[in-house]
Amino acid sequence: MSKRDIYEIVSNEPIARSIWRMRLAGDMSAVTAAGQFVNIAVDGCYLRRPISVSMLHDDSLTIVYKIAGRGTEIMSRMSAGMRLDVLTGLGNGFKPEADSLKPLLAGGGVGTAPLPELARRLIAEGKRVQAVLGFNTADDIVLKEDLEALGAEVHIATMDGSHGAKGFVTDILPHLDFDYVYACGPLPMMRAVCEATRCGGQYSFEERMGCGFGACMGCTCKTASGAKRICKEGPVLYKEEILWQTLQ
C-alpha cells in the first residue's frame, strides 16, 4: 500500500553525465520490494516525478535519476536538509524466482537504478548474481561499483567501446551462464534481451504516468493476461505476458 509523507534530503550528488543520486530519510515501511518506485512532488511542476528506488536502508532510501526535463533539473539543484512531499511503496516490484540459482540482472542507462536493491536481496538468498549493463560511453556508466560491492559479477557493454565490450548487452549474453533474467532499461534493449534468452524473466517498464497510483489509467498497456497499469500492476511484468508489439 502506498504512503504519503515528508522526507528529508540527506544527500544529492552527480554520479555520471546528467545522472544524480539522492538519498531521502523518512518512513520506509511502505517500500516492500525491489523495483518499486516513489513519486516526488516538485514545486512548479503539475505532475509528480516517478523514480525507481535504487537502494533501501533502515531509515532512508536512495534514488538515481537522470536530468531529462524541468522537474529533474530542479531536483538536481536541491540540497541536503530540504524536505520533499513523497509517495512511497508504489508499483509491483520484482519477485525473486525461488527456482533460480544463477539470476542475471540486465540494465541499460539510468534504467539500471533498481538493480542494486534487487541484487542485495538475491545475494542474501544465496544466489550467484551476475549483471550485464549497457551504456553509450564510459562517461555514462552508473552503479557498477555499487553492484560489485554487494557481491555481483558485473559485465559492461558500451556502444563506443570505451569501457568493457563494444556493442550491446545482448553481445555479452552468449558468454554468460544464467537461468533467469531480471531486466530494466530502454524498451529496445529489454525486447532484445527477451528475444535472445530462452529462460523465464521479469521486465520493468518505464512509462509516462499521470497519478502514479492507478487512478488515471494513463499508463495502461495490453498484456497476454489483460490490460494492466504500469504504475499499479507493473512496472514489473513477467516475460510470458508481455506483448511487445503493443508497446511503443
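The radius of gyration is taken over C-alpha atoms, and the globule rule is 2.2 Å times the number of residues to the power 0.38. With 248 residues, a compact globule would have a radius of gyration near 18 Å, and the 17 Å of this protein agrees with that. The model is predicted. Its secondary structure comes to four helices and 15 strands.

**Overall build**

- Along the principal axes, the C-alpha atoms fill a box of roughly 45 × 40 × 35 Å.
- Of the 248 residues, 52% count as buried.
- Take the contacts with a separation of 6 or more: residues 24 or more positions apart account for 62% of them.

**Surface and charge**

- The protein exposes about 11400 Å². Carbon and sulfur atoms supply 50% of that area.
- There are 27 positive and 29 negative charges. Their mean positions lie 5 Å apart.

**Helix α2**

- Helix α2 covers residues 115-124.
- Its buried residues are Leu 115, Pro 116, Glu 117, Leu 118, Ala 119 and Leu 122.
- Gly 126 follows α2, and its phi is positive, near 90 degrees.

**Helix α4**

- Helix α4 spans residues 187-196. Met 189, Met 190, Val 193 and Cys 194 are its buried residues.
- These residues cover an arc of only 135 degrees around the axis, so they sit on the same side of α4.
- An α-helix has 3.6 residues a turn, so residues three or four places apart point the same way.
- The face turned away from the buried side carries the exposed residues Pro 188 and Glu 195.
- The buried residues of α4 pack against β7, β11 and β12 (201-204).

- Most residues other than glycine have a negative phi. Two loop residues call for a look here.
- Ser 18 is not a glycine, yet it has a positive phi of about 65 degrees. It is found in the loop between β1 (3-16) and β2 (19-25).
- Leu 143 is not a glycine either, and its positive phi is about 70 degrees. It is found in the loop between β8 and α3.
- Leu 143 counts as buried because its relative accessibility is 4%, and buried means under 20%.

Definitions and conventions
Residues are numbered from 1 along each chain as its sequence is written. This is a predicted model: local features need pLDDT of at least 70, side-chain atom pairs count only at pLDDT 80 or more; totals for chains, interfaces and linings use all residues. Side-chain values use heavy atoms; hydrogens and water are left out. Buried means under 20% relative accessible area, exposed over 50%, partly exposed in between (1.4 Å probe, protein chains only). Contact means heavy atoms within 4.5 Å. Accessible areas come from the Shrake-Rupley method with a 1.4 Å probe; for residues, only the protein chains shown count as cover. Lys and Arg count as positive and Asp and Glu as negative; His and the chain ends are not counted. The place of a charge is taken as NZ of Lys, CZ of Arg, CG of Asp or CD of Glu. The arc is that of the directions from the helix axis to the C-beta atoms.
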